[in-house]
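This briefing covers confidence, the nonpolar core, and the surroundings of selected residues. Please read it alongside the sequence and the model.

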Amino acid sequence: KLALAIETERERAGHGLPGATPFVGTFADLCAWAHKVHFSKRGSSQPDGSVLRKHAGDPSKGTATWLGALQVRQVTGAKLAQYFDELAESVTVRGKPYSAGSINRIRSLFETVFEQAKERGHWIGENPVHQTKERDGITANFDILQRHEVEPTLAATPEYWRGCLVTG
């Protein structure tokens with residue numbers, strides 16, 4: 001079936017017709033394709049490409065994560081949720097667990113990969129990333145000086161640090 005789908009796709013392309021079948025290949029292949037047609041044209045191309053290669057794989061080097069090794073049609077919301085759960089339990093190269101924000105960024109990149117594929121006729125149906133939930137991040141609470149606190153704070157600050165404090 002796969003060989004027939006590839007042959008049909010090539011025949012359609014040979015006649016100048018648009019693709020009729022979804023993307024044939026692995027999720028890592030789809031991510032590499034999306035990087036080439038979309039992410040490489042953005043200012044964040046290098047970081048996005050690096051994240052995609054890390055979490056899907058690099059077909060040019062023959063590497064893939066278990067998620068990236070799946071055929072594209074096998075990538076479901078449940079598989080993506082499983083991958084994100086595994087990330088939450090693993091540690092980064094810095095020895096710290098993946099934050100909710102980091103996982104959400106990866107989720108967003110994967111979402112864009114499928115949206116680009118859908119836009120260009122390589123993906124049919126719902127974006128499987130939409131079946132996963134965004135992680136709740138920690139919102140930072142910053143204490144900001146009130147107007148009446150600024151002058152006493154500056155008066156109590158050594159002169160050496162005052163410029164930095166005022167700028168901040």
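A nonpolar core is taken here as a set of buried Ala, Val, Leu, Ile, Met, Phe, Trp, Tyr and Cys residues joined through side-chain atoms within 4.5 Å. The structure is a predicted model, and its protein chain averages a pLDDT of 87, with 91% of the residues scoring at least 70.

**Nonpolar core**
- The largest nonpolar core has 29 residues, of which Phe27, Leu30, Leu67, Phe84, Phe110, Val113 and Phe114 touch the most other members.
- Two or more residues of this core come from each of helix 2 (27-37), helix 4 (77-89) and helix 5 (100-119).
- Leaving aside residues up to four places away in sequence, phenylalanine 84 is in contact with Ile103, Ile106, Arg107, Phe110, Thr132 and Arg135.

**Proline 128**
- Proline 128 lies in the loop between helix 5 and helix 6 (147-156), and it counts as buried because its relative accessibility is 3%, under the 20% cut-off.
- With residues up to four places away in sequence again left out, proline 128 touches Val75, Thr76, Gly77, Leu80, Phe114 and Trp123.
- Although proline 128 and proline 152 are 24 residues apart in sequence, their C-alpha atoms are 55 Å apart in space.

**Cysteines**
- Cysteine 31 counts as buried because its relative accessibility is 2%, whereas cysteine 164, at 51%, counts as exposed.
- Zero disulfides are found in a search of the whole structure.

**Confidence**
- Within the protein chain, mean confidence is lowest in helix 1 (residues 2-14), at 72, and highest in helix 4, at 96.
- Where pLDDT is low, the predicted coordinates should not be read in detail.

Conventions
Residues numbered from 1 in each chain as written. Predicted model: local features only at pLDDT ≥ 70, side-chain atom pairs only at ≥ 80, totals over all residues. Heavy atoms only, no water. Disulfide = S-S within 2.5 Å. Buried < 20%, exposed > 50% of the residue type's maximum accessible area, 1.4 Å probe, protein only. Helix = DSSP H or I, 4+ residues; strand = E, 2+ residues; numbered from the N terminus. Contact = heavy atoms within 4.5 Å. pLDDT = per-residue confidence, 0-100.
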